[in-house]
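Student: I have a model open and would like to learn how to read it. Where do we begin?

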Amino acid sequence: MSKDWRLRCKEHPNIMFGKALSNARKRALKRGVPFQIDKEYLKDLYQSQSGKYYYSGLPLHVVKDESNVIDHFKMTLDCIDPNLGYIKGNVVWCSYCINSFKLKMSKEEMIQICISILENNNIKL
């Protein structure tokens, strides 16, 4: 990804919303789940999450960092309940690393695993 493209996307996140929408549509078709969101919804979702990740509250990375490796904190869409698909109220902005970790788990299952990881490492909440 060129520096100019990265800067353009940071200044105009709307570009990335369109790309995320297109990718989500392809995933929905592949998985055979509903797809009922649009670019305007993704823009509103970004605003309602105050530019932060749904699960962690950390700031969203609109585009990946300048390295050529995967940016684990680049924003991606997640279906809270994967069985419901991409419908309004079931889609959130998430980081790549959390989305990869969660996969098809429910939010509650993912949180329970995180708690178990903390407990196993003697880290108290």
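Tutor: We go through confidence, helix faces, salt bridges and a surface patch in turn.

Student: What is the mean pLDDT of the chain?

Tutor: Remember that this is a predicted model. Where pLDDT is low, predicted coordinates should not be read in detail. Here the chain averages 88, and 90% of its residues reach 70 or more.

Student: Which elements have the lowest and the highest mean pLDDT?

Tutor: Helix α1 (residues 3-11) has the lowest, at 71. Strand β2 (residues 91-95) has the highest, at 95.

Student: Now a helix. What span should α2 have?

Tutor: Helix α2 covers residues 14-31, which is 18 residues. At 1.5 Å a residue, α2 should span 26 Å. The C-alpha atoms at its ends are 26 Å apart, so the two values agree.

Student: Which residues of α2 are buried?

Tutor: They are M16, F17, A20, L21, A24 and A28. Down the axis of α2, the buried residues fall within an arc of 140°, so they line one face of the helix. The general idea is simple. An α-helix has 3.6 residues a turn, so residues three or four places apart point the same way.

Student: Which residues are exposed on the other side of α2?

Tutor: K26, L29 and K30 are exposed there.

Student: Which residues of α3 are buried?

Tutor: Y41, L42, L45 and Y46 are the buried residues of α3. Seen down the axis of α3, they fall within an arc of 140°, so this helix too has buried residues lining one face. On the other side of α3, Q47 and S48 are exposed.

Student: Why does Y46 count as buried?

Tutor: Buried means under 20% relative accessible area. Y46 has 16% relative accessibility, so Y46 counts as buried. Y46 also shows how sequence and space can be read together. Y46 and V92 are 46 residues apart in sequence, and their C-alpha atoms are 8.5 Å apart in space.

Student: On to charges. How many salt bridges does a search of the whole structure find?

Tutor: The search finds 2.

Student: Where do E40 and K43 lie?

Tutor: Both lie in helix α3 (residues 39-48), 3 residues apart, about one turn of the helix. E40 forms a salt bridge with K43, and the closest N and O atoms are 4.0 Å apart. E40 is partly exposed because its relative accessibility is 44%. K43 is also partly exposed, with a relative accessible area of 31%.

Student: With which residue does K102 form a salt bridge?

Tutor: K102 pairs with D78, the closest N and O atoms being 3.2 Å apart. This pair links distant parts of the chain, 24 residues apart. K102 is in helix α4 (residues 96-102), and D78 is in strand β1 (residues 75-79).

Student: Is K102 buried or exposed?

Tutor: K102 is buried, and D78 is buried as well.

Student: Last, the surface. Which residues make the nonpolar patch?

Tutor: F101, I113 and I117 make a nonpolar surface patch of about 230 Å². Of these residues, take I117, which is found in helix α5 (residues 107-120). Its relative accessibility is 44%, so I117 counts as partly exposed.

Terms used: Residues are numbered from 1 along each chain as its sequence is written. This is a predicted model: local features need pLDDT of at least 70, side-chain atom pairs count only at pLDDT 80 or more; totals for chains, interfaces and linings use all residues. Side-chain values use heavy atoms; hydrogens and water are left out. Patches are made of residues with over 30% relative accessible area and no salt bridge: like charges are joined within 9 Å, nonpolar side chains (Val, Leu, Ile, Met, Phe, Trp, Tyr) within 5 Å. Accessible areas come from the Shrake-Rupley method with a 1.4 Å probe; for residues, only the protein chains shown count as cover. A salt bridge is a side-chain nitrogen of Lys or Arg within 4 Å of a carboxyl oxygen of Asp or Glu. Helices (H or I, at least four residues) and strands (E, at least two) are DSSP runs, numbered from the N terminus. Buried means under 20% relative accessible area, exposed over 50%, partly exposed in between (1.4 Å probe, protein chains only). pLDDT is the predictor's confidence in each residue, from 0 to 100. The expected span of a helix is 1.5 Å times one less than its number of residues. The arc is that of the directions from the helix axis to the C-beta atoms.
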